[in-house]
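Q: Could we go through the strand pairing in this one?

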Amino acid sequence: MATKQIVVFKLLDQEYSIDIMRVLEIGNYEPVRKVPEVPKYIEGIINLRGTIYPILNLRERLHMPKHEALHETKIILMNLEEAKVGFMVDSVCEILTVDEDEIEKTPRMLEKYESKYINGIIKKEDRIIVIFDVDLLLAEDDEKILLEIAE
């Protein structure tokens, strides 16, 4: 049976996850340098060991209330198809191994809304963990912006 490893993180009190194969590293929040004239959910950029990472606030991207306790925030650095990027999340809970048959498809009635970013749902005991498709979290316009910022 095929298994998959995911990084489970929280936004508000809800659990979400992304495929660990896309994750470069997980770090503590550090102040970002603001970049003018970018979408509101792009917090800015950081320079980590000579690589520029645009930092996206996932709460802002998903139209959730702002997270005030930045000292608790984590940044998940990702390697996307076109760019390297960091996602701000409230906390990182665990790395979980799941059987692929444990992953359910997104309910059809949700497909039209923000759930277009969802790649599946895992139900484990009393938990519901939403799996994001990180490539879909960025629109084509966003990728162009991120590439310009990183250069």
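**Strand 5 and its partners**

Q: Which residue is the bridge partner of I45 in strand 5?
A: The bridge partner of I45 there is P54, with strands taken as DSSP runs of E of at least two residues, numbered from the N terminus. This is a predicted model, in which local features need pLDDT of at least 70, side-chain atom pairs count only at pLDDT 80 or more, and totals for chains, interfaces and linings use all residues. Residues are numbered from 1 along each chain as its sequence is written, and side-chain values use heavy atoms, leaving out hydrogens and water.

Q: How many bridges join strand 4 to strand 5?
A: Strand 4 (residues 42-48) runs antiparallel to strand 5 and is joined to it by six bridges, where two strands count as paired if DSSP finds at least two bridges between them. G44 stands opposite I55 of strand 5.

Q: What about the turn, which residue takes a positive phi?
A: In that hairpin, with two residues between the strands, R49 has a positive phi near 50°.

Q: And strand 7, parallel or antiparallel to strand 5?
A: Strand 7 (residues 84-89) runs parallel to strand 5, with three bridges between them, and M88 in strand 7 is the bridge partner of N57.

Q: Switching topic, how many residues of strand 5 are buried?
A: Five of the seven residues in strand 5 (residues 51-57) are buried, meaning under 20% relative accessible area with a 1.4 Å probe and protein chains only; in strand 4, six of seven are buried.

Key: Buried < 20%, exposed > 50% of the residue type's maximum accessible area, 1.4 Å probe, protein only. Helix = DSSP H or I, 4+ residues; strand = E, 2+ residues; numbered from the N terminus.
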